[in-house]
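Welcome! Here is a short tour of some local features in this structure. Take a look at the sequence and the model first.

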Amino acid sequence: MPPRLKHIEVENFKSYRGHRIIGPLKPFNAVIGPNGSGKSNFMDAISFVMGEKTQSLRVKRLSDLIHGAAISRPISRSASVTAVFVLEEETGKEISFQRSVQGSSSEYRINGSVVSNNEYLAELEKLRINVKGKNFLVFQGAVESVAMKNPKEMTALFEEISGSGALKEEYDKLKQQMQKAQEEINFAYQKKKGINAERKEARLEKEEADKYARLKDDLNDKQVEHQLFRLYHNEREMKNLENDLKHKQREVEKIEKKKEKAEELLKEKKKEQGKLNRDLAKIEQDIREVEVEISKKRPQFIKAKERVSHRQKKLDGAIKTLEQARKAHEAHMNDIKKLEDELAEVERAKEEYESQIAGESQSQGRDVHLEDEQVREYHRLKEEAAKRSARYMQELDSVNREQKSDQDRLDNVSRMRIDAENKHQQKRHEKEEMEKRIDKLSEHIRLSEQALQDQRQLRADLQSDVGSSKDRVHEIQKQLDDVLEQLGDARTDKHEDARRKKKQEIVERFKSNYPGVYDRMINMCQPIHKRYNVAITKVLGKFMEAIVVDTEHTARQCIKYLKEQMLEPETFLPLDYLQAKPVKERLRNITDPKGVKLLYDVLQFEPQAVAKAVMFATNNALVCETPEDAMKVAYELGGRYDAVALDGTYYQKSGIISGGSLDLARKAKRWDEKHMSQLKAQKEKLTEELRDAMKKSRKESELNTVDSQIRGLETRLRYAKTDMESTMKQIKAVDNELAKLSDEMVKYGPKIEEIEKTMQTREQQIEEIKLQMNSVEDVVFSKFCQEIGIKNIRQYEDRELRAQEERKQKRLEFQKQINRITSNLEFERSRDTQSNVSRWERTVNDEEEGLETCKKQEQKQREEIDKDLQQVEQLKAQRLNKKQEVDGMEEELGKARREVGGIAKDVQASQKAVVSLETKIEGKKSERHAILMQCKMDDIAIPMIVGNMEDIVASDPSQSSSGDTNSTTQQYEKEARIKIDYNMLSDNLKDLEERDEIKKMADKLLHSIKSLQDTLTKIQAPNMRAIQKLELAQGKLQSTNEEFENLRKQNKKAKAAFERIKQQRYERFTRCFDHVSNEIDNIYKSLAQNQSAQAFLGAENPEEPYLDGINYNCVAPGKRFQPMSNLSGGEKTVAALALLFAIHSYQPAPFFVLDEVDAALDNTNIGKVAKYIREKTESLQTIVISLKEEFYSHADSLIGICPQPADCLVSQVLTVDLTKYP
């Protein structure tokens, strides 16, 4: 059992004069009293004795706490407050805390012994009373401010409650020490790095001297290796060229024979092509004849299809109406069955009741028979009493007659109201039937109007097609001729490059799989003129084939797809990832040199969404007429720009210059090929449009059929609208009748109320007369009543008459139920729903038969048309196959032509290749001679197997050209006998095959030689003091390492101390925070008495929550989440109380004082809070200051505080134990 506050003793404290004991205090105490009576002074007394500071007690100095000091007339030099706690209920062990004011100082006592302030507070903390955290009281007006604390203030509150705030000063101190130690170790580390650099420099100087000697030897070896490498690959290439020359000579002979065979094959292909073209023309003629036949049959099929559709709609409507009629009939029969069952049940109940009454009557008759003498005496006295009260009886009979007349009138009005209700119900049923018919007519009208609109649209389309088809045919034919003229003979070259087609298929797959893919750059862009083709190709470079996508995510998905399918790599330009520079407007205003344009402006692209990608690829590059203009624009206009000439010469602002090439010209032809592909696609499109336009010119018969269908729809629509208007008029008439019946039903209500009111008044009059009669009867029957042992004769009569009245009332109720059920049953039987079901069943059968007939006609015509269509499809398939054969033959013919041309070119190319190979062999011999001469001149000792350096002789430039040729040939033959020893050359240098690899390796060897020469040139005489410098640097490094190690240990020690205090502070704070977080939601739900209410705490810094704020939020019952500031005053108060109770539950104080926390609460919420406190009385002692009955009515004890008139406020205290009044 936790400690409990027994009572409070005050002496001359504020408004409490003299010595007073406030208590005994119960688990739930309520302090009440008028405003200004001293209730809050009672709370100040508790705060004072618990060690609160002066500023929290609403006074400037301690002496102001003495009674009378407020008017400058203190009645004593001291004031004191004592709090007595019961530590153990069983043993009665107590402890008292006293705090007194002596002038301007305080004195502290525990159990009468004087103690210091710290000892006093420490003893209170043993009872879990946290004076700094104020976990035992809530001041007046402070409730809402608790909930409205900002995150930092909330953190400070938790620091006080948890005790982690006491470690803040030590935490900050150790943190500064740790940071200082870290700075010192960083400084030592930098110093160590500097000394390491010095040591490294000294080591490098020493190594440089050792290195100089080695480099000289390496240079000689590299020069020999380089020349051997050149000679080896020169000889190998010369042998390869000689082999290629022999092979090419044999190949020329084979190609000339192949050319003769290809020319013979070309003649045969031309004959086959002529035959296939004639067969294709015949198939197309057959297709046109069958299509004309289909056009004649189609109008009849459309009429049959419309009849089927119309019949189907009528059948669907009839079926729907039949289902509704069946459901209405079933519901009608169910209503009749329920009414009949209900009537039988009521009649059976009535018979059982009559049998019960008969049995009771027989029983009562036997009882009366046993007391015949008393019954005769009763009747005699009754006659005598009747004589004495004859006047009253006459008056009673008169009033009863009037009462019966009103009862008959009431029954008549009630019956008229029931009749009106039955009529109202019948009319309402009629209105519902009419409204259903309106719905059907509306649906029919809507469908008819939709069908009429469709037919009119079809007629307009047909009229437009038929009217403009001839003009359209001439227009398309003209466009087709223009396209064919542009194509020229290009139709013979119909096959595209396989690789390009495959790449386009990849793009199409991307488009179908990922919606953000646009296309390749070359497919979306087009130069405004052919003259810019080469320049645009040069600048776009690799971006010509790049694929433009919307986002980086889409690009990654496409790359993943390429990897999964093991396809070639592609370049992607995601629009959201590109950082394109905006167009520089001033570059558009360049006038010197002339003809300078932005590349972005000479490039058309579609769609406009890819503008960013085009801007990125062009990068503000400029296109100029000549290379000279391009160089001037790039480097001489006050800045550097990318500029390209029309021939492809490209000057980049980085200084790189690149010229045009044959490969560039070949790539630029892609724009022309793209234009040719567009022309071919346009030709196919125009051919298809021409075929469609020819078909549309044969649709006049369909137009006549559509006109007749439109006239039929307009007639049916007119009839339906007329029927709908008449039904609407009938509904209005029924509405008027319903309104009249409603008015009548409303009028009956006041009449019935008036009659019932009159009858009630008369009933009171009857009772008064009976009372007067009873007074007479009391005199006459006094002796008789004494004999039979009753108080008065009315007890006997009431028993008998009450039974009769109850039987009468019960029979009347049975009769009313029978009348009501009979009336409803007659009304339901009068409605004939079966005939409606039968009528619609016949309609459905008729419509089904008509629909089946129409479907047969439609099916017959469909089969005829399908047969013709199948024939057309077969002919089209034959045409397609034949066209494919023709195309294949054209392709074969073109292939044969190209093969003949290709073979001729091959012959010419082979002859050129022979000459080229001979020239290359001579070049290689010359190159070998030059290498050997260079070795002789540079004194490079080449290892030789046969011959020596003396065999290498330079040619004499003074000889004539013919003599020079002969001497050169002789020199080459002499040098050819020299055999080089290549054993010194490594295998990896011998194994190189590709020309680029050989060139790169030769450049690499030459570069290494040059590098060695440059290195030797740069290296000066070795530094002889490098060793001493290295030893000095190593000594400094050792001392610095020792200093660094000491600082590292200090830093580790400071960090460990900081981590320890950090952990202590974190554990204290989180222990409190976790407890409150876990408890607050349940407490808030209990206070709100609603499980949908939510309250939660959230730390902004989970790692070190005491450094940042804590957010407190609540979701009130039935509301969405919103900030605490948006809650109402009552909601804020409940939220604050939940937080306060949750905080108090962590190391709870023995008692909890609440000063008028219910100011913003309504009675409902006050009751919830009081109920919560009531439930917690076993573990929580509460003292509540309140002015609301809903709160203090739940308390165990009332402490009343009232003011006593005097110069200074004097508070009187009255205590009431409410546990005696459950």
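## How exposure is described

A residue counts as buried under 20% relative accessible area, exposed over 50%, and partly exposed in between (1.4 Å probe, protein chains only). This is a predicted model, where local features need pLDDT of at least 70, side-chain atom pairs count only at pLDDT 80 or more, and totals for chains, interfaces and linings use all residues. Residues are numbered from 1 along each chain as its sequence is written, and side-chain values use heavy atoms, leaving out hydrogens and water.

## A glutamate on a helix

Let us begin with Glu268, which sits in helix H5 (residues 168-370). Helices (H or I, at least four residues) and strands (E, at least two) are DSSP runs, numbered from the N terminus. Glu268 has 48% relative accessibility, so Glu268 counts as partly exposed.

## Two positive phi angles

Most residues other than glycine have a negative phi, and most peptide bonds are trans. Asn111, however, has a positive phi near 55°. Asn111 belongs to the loop between strand S6 (105-110) and strand S7 (113-115), and is partly exposed because its relative accessibility is 49%.

Met566 also has a positive phi, near 55°. This residue is in the loop between helix H11 (552-565) and strand S12 (572-574). With a relative accessible area of 74%, Met566 is exposed.

## Two cis peptide bonds

Where are the cis bonds? One links Gly23 to Pro24, with omega about 0°. Pro24 lies in the loop between strand S2 (16-22) and strand S3 (28-32).

Another cis bond links Glu606 to Pro607, with omega about 5°. Pro607 lies in the loop between strand S14 (603-605) and helix H12 (611-618).
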